[in-house]
Amino acid sequence: MAFQTIIEPFRIHSVEPLVMTTPGQRRAALAAAGNNLFALRAEDVLIDLLTDSGTGAMSRDQWAAIQRGDESYAGSPSWYRFLESVQELFPFEHVIPTHQGRAAEKILFTVLGGEGKIVPNNTHFDTTRANVEYTGAEAVDLVIPEGHDPASMHPFKGNMDLDALDALLTEHGPERVPVVFVTITNNSGGGQPVSLENLRGVRAICDRHGIPLFLDACRFAENAWFIREREPGHADRDVADIVREIASLADGMTMSAKKDPLGNIGGWLATNDAALAERCRTLLILTEGFPTYGGLAGRDLDALAQGLRESVHHDYLRYRTRSTAYLGEALAQGGVPVVQPIGGHAVYVDAGRLLSHIPPLEFPGQALAVALYEAGGIRGCEIGSVMFGLQPDGTEHPAAMELVRLAIPRRTYTQSHVDYVIEVCLSVAERAHELTGYRITSDPRPLRHFTARFEPVDT
Ligand SMILES: *Cc1c(COP(=O)(O)O)cnc(C)c1O
């Protein structure tokens, strides 16, 4: 018979101790950090759900691969193993390694961006938006309306609004729109997947307007798993095969290997456009390194080559998505509003609704994130008006949603850790009405969420 419990498909091989702290110690840590959870010492955090980026546990086979790392400056065997593994899933002709995803973005938008340019995306991730805007270009988010409704149960809430995309491209054309991006899964919109059907639609529109399509493919494996689970006709397919079909619809990609590829560092930029690749490699050499290592050590390239193969295992992806849903479902059942359906890598608590007494520009997400840390040593991440409120012209606008993301590092925490997180969240939610908003006390600047200091509004 089939048993219901979907267990971690691994056992623990090496352990890292957690440091227990008291509420008093955590209050002192918050004061020192200016209530910015990015400024905490990680040892003062008990369960770190700040991000799933680079925080996963590598496998035995990845650690073994690290021993094979070859540190030759040019043409290392590690590079060729990495390249082969990348092209197995993403058969783009030109693969350019970088030290992480934003380095790929910086290089690509330096070439393609600039004043007067417009880059559409379902939803730009924060570094993607910042790198577009830094060149003077405009970053436009065109996710379907359901993507802005935390309660909507649409199975592919990361989908691009095809009519809106077509209208934008009709108005501005390839002169002003150098590239269309689709982020899979849509991180900033709740970790929601994009369907193959929608990707095909984006492809057709891009073809009609003669504009290349790029993927921000950080969570490609989770996205492909959701296609297998939710999109009719794909239930029997191999995830790797779905990934290859996704890749076949695009002209290129950027990647943070700190996400689904199961690395602690790394990324790449890939394209079929030889002239574009040439310009990108020239910039790569300025800031990242020679084109056969980017910003990476040979050993990292080998760890990624192995991680990529593990990232598309069905047992792993079933456990991965199930364990995230386990947290989200428990919170929802306990009355905590969360973005539905539960995404692949994180649970997004709807702080705007839970703390509806706090106005958006007093940062309900920040208030909730601080409260979770104080109560239980849990570190989540505000994804709301702190992250997105500051406009390039210096004004403040509320973000589309006020969320706190509880990101689940890959293969790192067990079910009892998650049960503890559930308990802490439910206890904070019970006294949600007592929480107050925050104001920022430091200078405005791009990506301020990393550095800003906060004080409660009632002081
Ligand atoms: C993490 C991430 C990036 C940036 O990658 P880094 O490796 O953190 O620089 C870009 N896009 C998305 C969707 C991401 O999740």
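Q: To start with β7 (residues 252-256) and β8, in what sense do these strands pair, and over how many bridges?
A: In this predicted model, strand β7 and β8 pair in the antiparallel sense, and five bridges link them. One place to look is Ser256, which stands opposite Gly267 in β8.

Q: And what about β2 (residues 94-98) and β8, how do they pair?
A: Strand β2 also pairs with β8 in the antiparallel sense, over five bridges.

Q: Are the residues of β8 buried or exposed, then?
A: Five of the five residues of strand β8, which spans residues 267-271, are buried, so the strand is largely enclosed by the rest of the structure.

Q: Which residues of β8 point which way?
A: Gly267, Leu269 and Thr271 point one way, whereas Trp268 and Ala270 point the other way, and all of them are buried.

Q: Switching to the ligand, which residues come nearest to it?
A: There are 15 residues around the ligand, and those that come nearest are Arg102, Asp216, Arg219, Ser256 and Lys259.

Q: How far is the side chain of Ser256 from an oxygen atom of the ligand?
A: An N or O atom in the Ser256 side chain is 2.6 Å from an oxygen atom of the ligand. For Arg219, the distance from a side-chain N or O atom to a ligand oxygen atom is 2.8 Å, and for Arg102 a polar side-chain atom lies 2.7 Å from an oxygen atom of the ligand.

Q: How much of the ligand's accessible area does the protein cover?
A: On its own the ligand has 380 Å² of accessible area, and the protein covers 98% of this.

Q: Which elements give two or more residues to that shell?
A: Those are α4 (101-112) and α5 (126-134), with α4 giving the largest share, three residues. By residue type, the shell divides into two nonpolar, seven polar and six charged residues.

Q: New topic: where does Gln62 lie, and is this residue buried or exposed?
A: Gln62 lies in helix α2, which covers residues 60-68, and its relative accessible area is 0%, so it counts as buried.

Q: What does the side chain of Gln62 make a polar contact with?
A: The partner is the side chain of Arg411, at 2.9 Å. Leaving aside neighbours within four places in sequence, Gln62 is also in contact with other residues, among them Pro261, Leu262, Gln306 and Glu310.

Q: And Gly173, which helix is that in?
A: Gly173 lies in helix α6, residues 162-176, and it is buried, with a relative accessible area of 9%. Once neighbours within four places in sequence are left aside, Gly173 is in contact with Leu168 and Ile211.

Q: How far apart are Gly173 and Ile118 in sequence and in space?
A: They are 55 residues apart in sequence, and 9.8 Å apart in space when taken from C-alpha to C-alpha.

Q: Last one: which strands are joined to β12 by bridges?
A: Strand β9 (residues 346-350) is joined to β12 by five bridges, and strand β11 (residues 381-383) by three, and both of these pairings run antiparallel. Tyr348 has Arg405 as its bridge partner in β12, while Glu382 stands opposite Val404. Five of the five residues of β12, residues 403-407, are buried, so this strand is largely enclosed by the rest of the structure.

Technical notes. Residues numbered from 1 in each chain as written. Predicted model: local features only at pLDDT ≥ 70, side-chain atom pairs only at ≥ 80, totals over all residues. Heavy atoms only, no water. Near = heavy atom within 4 Å. Polar contact = N/O pair within 3.5 Å; in protein donor to acceptor, adjacent residues only side chain to side chain. Areas by Shrake-Rupley, 256 points an atom, 1.4 Å probe, with all protein chains shown as cover. Helix = DSSP H or I, 4+ residues; strand = E, 2+ residues; numbered from the N terminus. Nonpolar A, V, L, I, M, F, W, Y, C, P; charged D, E, K, R; others polar. Buried < 20%, exposed > 50% of the residue type's maximum accessible area, 1.4 Å probe, protein only. Pairing = 2+ DSSP bridges. Contact = heavy atoms within 4.5 Å.
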